[in-house]
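Colleague: I have the sequence and the fold open side by side. Could you walk me through how to read a few features?

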Amino acid sequence: MTQTFQALVVSEEENGEIHRELQTRTLDDLPEGEVIIAVEYSSLNYKDALSANGNHGVTRRYPHTPGIDTVGRVFSSSVDAFQPGDQVLCMGYDLGMNTAGGFGGYVSVPAAWVMVLPHGISPLEAMQIGTAGFTAAQCVDRLCRLGLRKDDGPVLVTGATGGVGSLAVRLLSFLEFNVTALTGKPEQTVFLENIGAAQVLDRQKFLCGKSKMLLRERWAGVVDTVGGDILATAIKATRYGGMVTCCGNAASGDLPLNVYPFILRGVTLAGIDSAICPMAQRKIIWEKLASAWHFPGLDKVSRTVTLDRLEKEIVSMLQGKAHGRVVVDLRGEK
């Protein structure tokens with residue numbers, strides 16, 4: 001297995017210093033797996049940035065190649081479910097965490113992690129969406145299954161300039177919901193309006209009421225990507241019978257909240273996980289994204305870089321300066 005490819009390799013020195021560099025790898029360097037995928041595109045997620053920065057809560061052992069998303073063609077397979085040349089998608093599970101991920105020209109994974117890319121969506125679109133968009137779609141799907149309708153009132157999206165947030169804004173707008181975007185980056189107001197936000201709120205003003213037990217009823221639904229005081233404040237302002245989805249902890253893993261929104265207003269709080277979401281549910285969401293929820297404007301929410309330009313995007317994300325989605329083009333790394 002002497003086929004070579006380029007990969008971003010993150011190494012940790014004995015003193016804890018982290019180094020990131022492009023290295024030439026071979027298929028023999030990959031972990032043992034049932035399916036080897038020739039990667040066409042990957043994408044940068046916050047979890048990837050943490051892994052690339054030596055976060056042992058994400059990646060236990062280094063050297064390592066991050067990248068929790070990948071789309072490409074089957075290079076080889078030891079199972080009948082996949083044949084060489086099949087266009088496939090692999091995201092989540094342990095990919096890019098402790099299993100070498102999509103920031104390299106090939107990945108080797110268990111067959112149970114792989115699904116055929118649905119008809120109607122291109123490989124580039126799949127990674128413009130990626131884990132972030134899949135998570136956003138899970139949130140919207142849960143809200144809809146809980147009974148939220150577009151005429152019920154405004155839907156709040158927190159962390160709206162991030163990957164999950166921006167794609168939640170775009171999808172909800174496409175589905176004709178009235179979307180309010182919450183952000184700590186007022187300079188991105190035009191970006192948020194261009195992708196479908198009817199209103200943009202400033203994070204600091206939003207948090208002015210965080211110490212109150214309840215707030216004026218405002219939101220019919222909420223997609224929260226950040227946790228902490230922002231999630232708690234959003235719940236306190238959710239309307240009677242309203243629905244809130246929680247999928248991230250970028251601000252905090254704590255939830256400083258009382259029970260009154262739940263026992264006085266009947267608010268529902270639903271947790272969302274994408275990493276180990278069952279394959280049957282993954283396929284349902286991706287089929288929606290390839291058909292009825294195949295929303296336009298992904299180019300407004302994403303930009304594409306090559307592997308040798310990824311370092312700048314990682315640093316920007318770690319500094320909290322990123323917005324939208326970053327797709328990584330690996331077609332030239334073989």
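Predicted model: local features only at pLDDT ≥ 70, side-chain atom pairs only at ≥ 80, totals over all residues.

Colleague: How many salt bridges does a search of the whole structure find?

Modeller: The search gives 10 salt bridges. In one of them, glutamate 311 pairs with arginine 20, and their closest N and O atoms are 2.8 Å apart. Helices (H or I, at least four residues) and strands (E, at least two) are DSSP runs, numbered from the N terminus. Glutamate 311 belongs to helix α10 (residues 310-318) and arginine 20 to strand β2 (residues 18-26), so this pair links distant parts of the chain, 291 residues apart.

Colleague: Which residue forms a salt bridge with aspartate 141?

Modeller: That is arginine 145, with the closest N and O atoms 2.8 Å apart. Both residues lie in helix α2, four residues apart, about one turn of the helix. Aspartate 141 is buried, with a relative accessible area of 3%, whereas arginine 145 counts as exposed at 54%.

Colleague: Where do arginine 265 and glutamate 217 lie?

Modeller: Arginine 265 sits in the loop between α7 (260-264) and β13, and glutamate 217 in the loop between α5 (203-206) and β11, so their pairing ties together parts that are 48 residues apart in sequence. Their side chains meet in a salt bridge at 3.8 Å, N to O. Arginine 265 counts as buried at 10% relative accessibility, while glutamate 217 is partly exposed at 39%.

Colleague: Now the sheet, please. What is the order of the six strands?

Modeller: In general, strands of a sheet pair through backbone hydrogen bonds, either parallel or antiparallel. Two strands pair if DSSP finds at least two bridges between them. Here the six strands form an open sheet with parallel pairing, in the order β10-β9-β8-β11-β12-β13. The edges are β10 (199-202) and β13 (268-271); each has a single partner strand, so one side of each is left without a neighbour in the sheet. Strand β12 (residues 238-246) pairs with β13 over four bridges, and cysteine 246 has glycine 271 in β13 as its bridge partner.

Colleague: Which strands does helix α2 lie across?

Modeller: For angles, axes are lines fitted to C-alpha atoms, for helices over the stretch in contact, and angles run from 0 to 180 degrees between N-to-C directions. Contact means heavy atoms within 4.5 Å. Helix α2 (residues 123-145) lies across β11 (219-224), β12 and β13, at about 150° to β12. Helix α3 (residues 163-174) lies across β8 (155-157), β9 (179-183) and β11, at about 155° to β8.

Colleague: And which residues is threonine 245 in contact with?

Modeller: Threonine 245 lies in strand β12 and counts as buried at 0% relative accessibility. Leaving aside neighbours within four places in sequence, its contacts include Cys139, Leu143, Val222 and Ala270.

Definitions and conventions
Residues numbered from 1 in each chain as written. Heavy atoms only, no water. Salt bridge = Lys/Arg side-chain N within 4 Å of Asp/Glu carboxyl O. Buried < 20%, exposed > 50% of the residue type's maximum accessible area, 1.4 Å probe, protein only.
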